[in-house]
Amino acid sequence: MANKNLLRDIPKVDVVLAHKELSEYDSVLLTETVREILDDIRKGVLDGFLEQLPTLDEIAKKVKSKLEEKETPSLRPVFNATGIILHTNLGRACLSDKALKAVSSVACGYSTLEYDLERGRRGSRHDHVESLICKITNAEAAMVVNNNAAAVLIVLSALTKGKEVIVSRGELVEIGGSFRVPEVMEQGGAILKEVGTTNKTHLFDYKNAVNENTGAFLKVHTSNYRIFGFTESVSLDEMVKLGRELNIPVIEDLGSGFLVSPKLFGLDDEPFVIDSVRSGADIVTFSGDKLLGGPQAGIVVGKKEMVEKIKKHPLARAMRIDKLTLSALEATLRSYLSEDEALKDIPVLNMLSMTPEKLEKKAEKFKEVLAKYNVECSVVPDEGQVGGGSVPANMLPSFGVAVNTKGVSLQKLEERLRFGENPVVGHITKNNFILNVLTVRERDFDTIAKKVGETLKECM
Ligand SMILES: *Cc1c(COP(=O)(O)O)cnc(C)c1O
């Protein structure tokens, strides 16, 4: 049978290993990969798929490409051309250059993470950012944990365990799958006391629900949805006033929260951390990698006595942030000491400050770069989004380039751009494949354009 001859002619592992194209690779991974490729060929012959063996050169090429695939990190950079600024699946906020520099300065060596250089003894990791956060938000005290979900959990665990926490039915939020306010409360040992209705909650609803076992009023920002029409909710100011009267702490989960005025971007609907602190809430929590534009972190600000209690809770150790995050957060927060600096340094704020006129110009520039790689396209208006479960009701006016795919299907181009080196994520509208420039950096134009040019050519 021809099959048998083919099987006999499959080259030996050693023969493939000796191929000159493969000399640069580490031997363990190489041998394993050669075996896998040869096994595939053997299987192909046995199953009758292969009627002719690949040449030795072809085998070496297969080995090489499989090796490259294996050596590609799983977590790697992607070009985000979706126009969604805080794209949760693509890693939310891009860090500032200053944050990156801070991370690399502490990453490979020793640092002052928990060391007080002046006294030559143990220090606290909280100290690196607490005074900065207090300065920026005007809060009495602050601490930082792993993310905002952790912040909410530790706050409830430390302050309201076994007590009733009163929340409006309009604010029983679910954030992306596993974070649900009622469930987090349960985990925190608090007893959920829902008040009001989905669309309307009044101050008297809170007042009537108070009893001797009330632990707190909790206000949750409805980050990822809005209720319109016949609605009413209680403002933080009113809640704080009632809380003071009845001696009940007020906790607010802001979710996102700006450290510069949302008015700068016309996003008045989004909460401003400084306003919440000014209202007198006892504890306010928010995320580090949403509108703040820093690394994944959860920030707790508020009354000193309560923050101290949270710091001492056993969960604090389980939720502590590591030195890389802390250094990135400190550098990001430092930019906030001046509003101009923050707008200049922090990519998220940068993107939010782009006017449609600027974005149109940016798209024109991108179009020119794409032309260098024989990609024809037209500049088109395209909506952007804040994303990350923030500002659901606002689309951001933006621009993009619609690629002339010359007969290649939009789905095929969209898919192929995600494959291989320098993956690019764009999006398909009704009749176009669009790369939105809101979330693309100009310094990446060339790399992306090259990828689009090569991909289009491959698809034809
Ligand atoms: C996003 C969000 C959270 C969770 O924050 P993470 O930093 O993603 O853990 C919690 N509550 C609200 C209201 C949010 O919007």
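The following exercises with solutions concern a predicted model.

Local features require pLDDT of at least 70 and side-chain atom pairs pLDDT 80 or more, while totals for chains, interfaces and linings use all residues. Residues are numbered from 1 along each chain as its sequence is written, and side-chain values use heavy atoms, without hydrogens and water.

**Exercise 1.** Describe the overall make-up of the chain: how many helices and strands are there, and what share of residues is buried?

*Solution.* Begin with the secondary structure, where helices (H or I, at least four residues) and strands (E, at least two) are DSSP runs numbered from the N terminus. The chain has 19 helices and 18 strands. Next, take burial, which is defined as under 20% relative accessible area (1.4 Å probe, protein chains only). Of the 460 residues, 49% are buried. Finally, the C-alpha atoms fill a box of roughly 90 × 55 × 50 Å along the principal axes.

**Exercise 2.** Determine in which sense β17 and β18 pair, and through how many bridges.

*Solution.* Strands pair if DSSP finds at least two bridges between them. Strand β17 (residues 427-428) pairs with β18 in the antiparallel sense, over two bridges. A hairpin of four residues joins β17 to β18. Across this pairing, Ile428 stands opposite Phe433 of β18.

Note on methods
Buried means under 20% relative accessible area, exposed over 50%, partly exposed in between (1.4 Å probe, protein chains only).
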